[in-house]
Amino acid sequence: MKRAVPTGGIDRRTFLITTAGAGLALAVGDAHADTEAEGWRPNAFVAIGPDGKVTVTVKHLEMGQGVATGLPVLVAEELEVDPAQVSVAFAPADAKRYNNLFWGPSQGTGGSTATANSWEQLRLAGAAAREMLVEAAARILRADAASLSAVNGGVVHSPSGRRLGYGELVSVAAKLTPPSAPALKPASQFRLIGRDGVKRSDSRVKSDGTAQFGADLRLPGMLTALVARPPVWGARPDGHDRKAALAVPGVMAVFPIPSGIAVAASSFWAAHKGREALNARWAEPADKVSTESLRRDWTALLGKAGRPAAARGDAEAILAQAAQRQSATYELPYLAHAPMEPLNCVVRLAPGKCEIWTGCQFQTHDQAMAAKAAGLKPEQVEIHTMLAGGSFGRRANPTSDYIVEGVEVAKVLNTPVRLMWTREDDIAGAYYRPMALHGFEAALDERGMPLAWRHRVVCQSILDGGPFAGMIKDGIDPVSVEGASNLPYAIPNLAVDLHSPKAPVPVLWWRSVGSSHTAFATECFLDELAQAGGKDPLELRRALLADQPRHLAVLELAAAKAGWGSPLPAGKGRGIAVHESFHSFVAQVVEVSIGAKGEIKVDRVVCAVDCGVAVTPDVVRAQMEGGIAFALSAALFGEITLKDGRAEQSNFHDYRCLRMNEMPRVEVHIVPSAAPPTGVGEPGVPPLAPALANAIFAATGKRLRKLPLGEQV
């Protein structure tokens, strides 16, 4: 599919054409034109030009997860067009037309919801357009609509063989009333959905460098700005050398903004050198956190009961009486998001208007935050959604930090500004996946089966103090315990409780959010119980998941494809894990080799996924593969450590990611399903770390309970 870059604006002709087909509001949103597409727009998502070209408006951010491929397929399926002939335009910020249906009146991308919440909406958009085109053809040909069918971008009259292309029909179709309940194709007639062969639409432009990300945008007169921010959480400005910064060639302005000191220049490098020349000084707080101090405090909390998050049976009573008990503590570090494209936005202010170009996940929230910073109403802020070079949750933050900074800088400069964060800015001083400690106690019966399970989580709350704090109920941040409070295993006595300690470190959702740490702890501890009870890890999971058919199906498929139980040479091991997140089910088997000096080499990952209908199987496989690479980087190397109130890592040289020669062979198997689609952007992450740790144990007999694993064997 081709991509059309949104330019904003709407001319009178387009407006008149648009309003002719605006009756499908309840189903697929009002008709709207904010793209380069000319012609007929039967609803908010479809435009067809007089030349027959189809443009699909995608309301979600494309950050590598494939929405610019998968979502247009939903329209193309119903509209009967070749996906290769469909262009994609990204929706502007407009919660009335483009809200995330799972989030209420708010537009945004996250929680692996893009395909799931668009599943019916976009098919209805395509079906409505198809029915109107068929009716238009019937009127032109003076034929019974029942004798007509939509085929490959046109309508065919079967008795005569006459064919009219969509472009020939739009002027008549635009005068018709949209159907109130367009008929969707039955799954048996799908020719695109669930089929291989749909090529990813953005691979070429992202590979040859012609794709336009936010950082690529240039506007006339635009300056580039960097901000010097406090290196320690809680530090305050204590002086800087403005004159030295202004002496750097290209530096145009130096001024304070609420988050720090802005340096605006004619280029990125001039701004960078100007920021260095600032020699900014900061008054640091006396009490500065470190990883060691947090670990000490949080370990103490493991000995105290937290707020109850889940309970069944009487775990405490069983544990008190148990003849065989097992306990363990797991630790996971803070993690940075570290997207390949650092944060950026372009802002242009004019009287009564603010335009922003960026790849943002929370358009509605960002629009409101930008409006507040600019002193405008949200409807006066126009966001042009650009491609984003990764995010993993970073571009969905409650303060809209990089966007607000862009507005604050633009308020001072009488010209457009490109606000840039360096990777060092982000890794050393931004939001992190929370550090977490997990404490377990379990009791086994005489058969070696788990009889009681107590799980205590110590994890800084992501939601506390932010706009989503209302999700906290009875002191429980559900994000902290997802994957733990809903443990699927049939253990008769279960208790999960939570401590949410305070810390000055900003925390945020990170790809797969709570499941990114709970899956590691629960799936590793279950392996410990299997060992203690003398059982094979797969067999124990089978027994405990007998009433969880979707968990069981992916578990069985991954195990079978991996050859679970077949012998491996000395020094090699195989581990397994299964986890549900974002309503998708994923099991992974990891095979690992251990070198003579303890080097960990992951040889193979076998993954089975049940995500309901796999709309574009190639994208699903790619998401599992990408999730595995992302998770493997974190499991082996990922760690943000704190000392004297600051992060000790700053870029990929000390916040390492997986290298190409370290990527294992990955096999992805999709469970056939007729259930509505669920998420794939995040569910590939959680099972990897526990499956890897379990594989290392199988190879070495050494149980690793702390991430990252890379240097521990």
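Trainee: How do you know that domain 2 and domain 3 are in contact?
Mentor: Contact requires heavy atoms within 4.5 Å. In this predicted model, 12 residues of domain 2 meet that limit with 16 residues of domain 3. So the two domains count as being in contact.

Trainee: How much area do domain 2 and domain 3 bury between them?
Mentor: About 1100 Å², with 72% of it on carbon and sulfur atoms. That value is summed over both sides. On the domain 2 side, Trp233, Phe392 and Pro398 lose the most area to domain 3. Together they make up 60% of what that side buries.

Trainee: Why quote an area for an interface?
Mentor: The accessible area lost when parts come together is often used to give an interface's size.

Trainee: Why is the pair Arg646 and Glu284 called a salt bridge?
Mentor: The rule asks for a side-chain nitrogen of Lys or Arg within 4 Å of a carboxyl oxygen of Asp or Glu. In Arg646 and Glu284, the closest N and O atoms are 2.8 Å apart. That is within 4 Å, so the pair qualifies. Side chains of opposite charge can pair when their charged atoms come close.

Trainee: How many salt bridges and polar contacts are counted between domain 2 and domain 3?
Mentor: The count is one salt bridge. Four residue pairs are in polar contact. The side of domain 2 that touches domain 3 has seven nonpolar, three polar and two charged residues.

Trainee: How many salt bridges does the whole structure hold?
Mentor: A search finds 46. One of the salt bridges joins Glu528 and Arg705, with the closest N and O atoms 2.8 Å apart.

Trainee: What makes Glu528 and Arg705 a tie between separate parts?
Mentor: Glu528 sits in helix H16, residues 515-532. Arg705 sits in the segment after helix H20, residues 688-700. The pair therefore ties together parts 177 residues apart in sequence.

Trainee: What is the peptide bond from Leu707 to Pro708, cis or trans?
Mentor: It is cis, with omega near 0°. Pro708 is placed in the segment after H20.

Trainee: What makes Asn152 stand out?
Mentor: Asn152 has a positive phi of about 45°, although it is not a glycine. Asn152 lies in the loop between strand E5 (148-151) and strand E6 (154-157).

Technical notes:
Residues are numbered from 1 along each chain as its sequence is written. This is a predicted model: local features need pLDDT of at least 70, side-chain atom pairs count only at pLDDT 80 or more; totals for chains, interfaces and linings use all residues. Side-chain values use heavy atoms; hydrogens and water are left out. Buried area is the accessible area (1.4 Å probe) that two parts lose on being put together, summed over both. A polar contact is a pair of N or O atoms within 3.5 Å; within protein, one must be able to donate a hydrogen and the other to accept it, and residues adjacent in sequence count only if both atoms are side-chain atoms. Ala, Val, Leu, Ile, Met, Phe, Trp, Tyr, Cys and Pro count as nonpolar, Asp, Glu, Lys and Arg as charged, and the others, Gly among them, as polar. Helices (H or I, at least four residues) and strands (E, at least two) are DSSP runs, numbered from the N terminus.
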